Amino acid sequence: MFIRNNYDGCPYRRNFLWQNSFRHDENSETEMSPNSGNNVCQQFADILGSKVTESKPGSCSVEKDRDNLNVTIWGIPAKSVLNGEFIYQGMNSSGKALNLGEIVVLQDELNNFLTVLKRNGIDIAAVHNHWIYDNPRILYVHFQSIDNPLNFARKVAEALKVLK
């Protein structure tokens with residue numbers, strides 16, 4: 001199957017590529033540029049209660065542990081798989097970037113978490129399990145947006161508040 005690079009079908013991608021780079025988004029509370037560097041990445045991590053795992057100009061990756069969860073897989077305690085990762089990359093001159101997130105949630109946390117993400121305008125990309133025979137049941141949520149990374153972090157931080 002051939003899929004054309006038709007960005008008209010994706011308003012986020014079209015706006016990201018063709019927006020006037022000199023116009024600042026009125027919804028953005030923080031001036032940013034691709035050269036803002038490590039300071040923005042650390043702010044991104046701090047807002048999310050995470051630690052920086054990689055920082056480059058215009059991109060950043062942070063990790064959040066959910067080590068407060070007591071999960072077993074096949075009866076064996078599992079801690080190393082209970083985390084989340086949040087990334088921004090490809091920051092343009094107006095301070096917007098592709099923002100991606102993945103986090104483990106308990107099954108009974110899922111609906112409230114998704115509700116807050118959607119209310120904050122963040123797209124849900126996937127909800128799925130990684131493991132079988134897990135107890136309690138855990139799921140992984142993938143989500144994304146094109147936004148100022150610090151605004152994305154604030155929106156996600158609000159959703160993280162509903163997790164145990």
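This is a predicted model: local features need pLDDT of at least 70, side-chain atom pairs count only at pLDDT 80 or more; totals for chains, interfaces and linings use all residues.

Student: Which cysteines form the disulfide?

Tutor: The cut-off for a disulfide is a pair of cysteine sulfur atoms within 2.5 Å, and by this rule the count comes to one. The sulfur atoms of the pair are 1.9 Å apart. The cysteines are Cys 41 and Cys 60.

Student: What is the angle about the S-S bond of Cys 41 and Cys 60?

Tutor: The link of Cys 41 and Cys 60 is right-handed. The angle about the S-S bond is 65 degrees.

Student: Where do Cys 41 and Cys 60 lie, and how many residues apart are they?

Tutor: Both Cys 41 and Cys 60 are buried. Cys 41 is in helix H2 (residues 38-48) and Cys 60 in strand E2 (residues 59-65), so the pair links distant parts of the chain. The separation of Cys 41 and Cys 60 is 19 residues.

Student: How many bridges pair E1 and E2, and in what sense?

Tutor: Strand E1 covers residues 51-56, and E2 covers residues 59-65. In this pairing Lys 51 stands opposite Glu 63 in E2. E1 and E2 are antiparallel, and the number of bridges is five.

Student: Which residue takes a positive phi in the hairpin of E1 and E2?

Tutor: The hairpin has two residues between the strands. The phi in question is near 80 degrees. The residue is Gly 58.

Student: In E5, which residue is the bridge partner of Ser 61?

Tutor: E2 also pairs with strand E5 (residues 83-89), in the antiparallel sense and over six bridges. Within E5, the bridge partner of Ser 61 is Ile 87.

Student: Why does the salt bridge of Lys 51 and Asp 65 tie together parts of the chain, and how many residues apart are they?

Tutor: The side chains of Lys 51 and Asp 65 meet with N to O at 3.7 Å. Lys 51 lies in strand E1 and Asp 65 in strand E2, so the pair ties together two parts of the sequence. Their separation along the sequence is 14 residues.

Student: Which residue forms a salt bridge with Lys 56?

Tutor: Lys 56 is partly exposed at 46% relative accessibility. The closest N and O atoms of the pair are 3.0 Å apart. The partner, itself partly exposed at 40%, is Glu 54.

Student: Are Arg 66 and Glu 109 buried or exposed?

Tutor: The structure holds eight salt bridges, and one of them joins the side chains of Arg 66 and Glu 109 at 3.0 Å, N to O. Arg 66 is in the loop between E2 and E3, and Glu 109 is in the loop between strand E6 (97-106) and helix H3 (110-119), 43 residues apart. Arg 66 and Glu 109 are buried.

Student: Which strands stand at the edges of the open sheet of three strands?

Tutor: The order in this sheet is E4-E3-E8, with antiparallel pairing. An edge strand has a single partner strand, so one side of it is left without a neighbour in the sheet. The edge strands are E4 (76-77) and E8.

Student: Which residue in E4 stands opposite Thr 72?

Tutor: Strand E3 (residues 72-73) and E4 pair in the antiparallel sense over two bridges. Opposite Thr 72 stands Pro 77.

Student: Which residues does Pro 136 touch beyond four places away in sequence?

Tutor: Pro 136 lies in the loop between E8 and strand E9 (138-147), and is partly exposed at 33%. The residues touched are Asn 70, Val 71 and Leu 106.

Student: Which residues form the nonpolar patch on the surface?

Tutor: One member, Ile 132, is in the loop between strand E7 (123-128) and strand E8 (134-135), and counts as exposed at 53% relative accessibility. The patch has about 440 Å² of accessible area together. Its residues are Trp 74, Ile 132 and Tyr 133.

Notes
Residues are numbered from 1 along each chain as its sequence is written. Side-chain values use heavy atoms; hydrogens and water are left out. Patches are made of residues with over 30% relative accessible area and no salt bridge: like charges are joined within 9 Å, nonpolar side chains (Val, Leu, Ile, Met, Phe, Trp, Tyr) within 5 Å. Accessible areas come from the Shrake-Rupley method with a 1.4 Å probe; for residues, only the protein chains shown count as cover. A salt bridge is a side-chain nitrogen of Lys or Arg within 4 Å of a carboxyl oxygen of Asp or Glu. Helices (H or I, at least four residues) and strands (E, at least two) are DSSP runs, numbered from the N terminus. Buried means under 20% relative accessible area, exposed over 50%, partly exposed in between (1.4 Å probe, protein chains only). Two strands pair if DSSP finds at least two bridges between them. Contact means heavy atoms within 4.5 Å.
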